[in-house]
Amino acid sequence: MTDARLERFADGDLAAFESLFREFQGEVYGWIVRMVRDRGAAEELTVETFLRIYNARARFDAGRSFPAWARRIASNLALSYLKSHPARPETPVEPPGEAPEDPAIRRETRESIATAFRALPAKLQAVASLALIEQQSYDDIADGLGISVGAVKSRVFRAVRILRTKLKRMGIQP
Amino acid sequence: MNDDRMKELLRRAIAPVDVEPKRDLWYDMRRRIDERTLRLTWLDWALLVATLTFCAAFPESILPLLYHL
């Protein structure tokens, strides 16, 4: 990425912004959809992320990392979304072909796990999704959310404990 | 059930999402930017020109006009 493009973006050049958008929309979308697990919401939040970036362009320091800045804004929006949409009824994101859900797990067990997962507090749900389901590294998660690696580990630990308790209450003992 | 078993169960029960966007979002982006842009109609321009003409013809009216804004 050239500094000139970032400088032009900071100066309000729409073509530079479009170039940045086209380069990073996939990365930002991917990060958001891993957190919210809803394609439609992820698309809207991606656009909202870039709109905030565009509105804040005058404050952007061209010496900073654009993708890191974008990811931080995306994380905040995704967390707000999860807080305002607790326990959504379904996760309409289709799994990629190479990693389907395990057919060995009974359907009702899978649904119970998904229900318990969606009922997690937003911050725990986001970290659990990124770390446990999407297999993102703790360093990447910490960087994206603007928290320490220790905080990521703590949230994963708390999420797992809550899930265990909920599933136990549901009578699930695999 | 221990923590490791719980993690494994979660991974097996909920599949990773498809992280590739299905469409180009630039057009949505462009629409959102355009919505923010102030759009002046011909009537806005006509009112602006009329006001400026009035102020130029009657400069003493500027202060009362500002008072009523």
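This is a predicted model: local features need pLDDT of at least 70, side-chain atom pairs count only at pLDDT 80 or more; totals for chains, interfaces and linings use all residues.
Residues are numbered from 1 along each chain as its sequence is written, and chains are lettered from A in the order in which they are written. Local features need pLDDT of at least 70, side-chain atom pairs count only at pLDDT 80 or more, and totals for chains, interfaces and linings use all residues, while side-chain values use heavy atoms, with hydrogens and water left out.

The size of an interface is often given as the accessible area lost when the parts come together. For chain B and chain A the buried area is about 3,900 Å², 68% of it on carbon and sulfur atoms; buried area is the accessible area (1.4 Å probe) that two parts lose on being put together, summed over both.

In a salt bridge between B:Arg32 and A:Glu48, the N to O distance is 2.7 Å. Helices here are DSSP runs (H or I, at least four residues), numbered from the N terminus.

Attention now turns to the core. In soluble globular proteins, nonpolar side chains tend to be buried together. The largest nonpolar core in this model has 70 residues, and A:Val36 and A:Phe66 have the most contacts inside it. Such a core is a set of buried Ala, Val, Leu, Ile, Met, Phe, Trp, Tyr and Cys residues joined through side-chain atoms within 4.5 Å. Helix H2 (residues 14-36) of chain A gives the most to this core, with 12 residues.

Over all chains, the whole structure holds 17 salt bridges. One of them joins A:Glu18 to A:Arg22, with the closest N and O atoms 3.0 Å apart. Both residues lie in helix H2 of chain A, 4 residues apart, about one turn of the helix. A:Glu18 is partly exposed at 25% relative accessible area, and A:Arg22 is likewise partly exposed at 36%; buried means under 20% relative accessible area, exposed over 50%, and partly exposed in between (1.4 Å probe, protein chains only).

Chain B has salt bridges of its own. B:Lys22 and B:Asp18 form one, their closest N and O atoms being 2.6 Å apart, and B:Asp18 is partly exposed at 21%. Another joins B:Asp34 and B:Arg30 (3.5 Å, N to O). These two residues are 4 residues apart in helix H2 of chain B, so about one helical turn separates them.

Finally, A:Arg71 lies in helix H4 (residues 66-84) of chain A. At 19% relative accessibility, A:Arg71 counts as buried. Leaving aside neighbours within four places in sequence, A:Arg71 is in contact with A:Glu27, A:Trp31, A:Asp140 and A:Gly144.

Methods
A salt bridge is a side-chain nitrogen of Lys or Arg within 4 Å of a carboxyl oxygen of Asp or Glu. Contact means heavy atoms within 4.5 Å.
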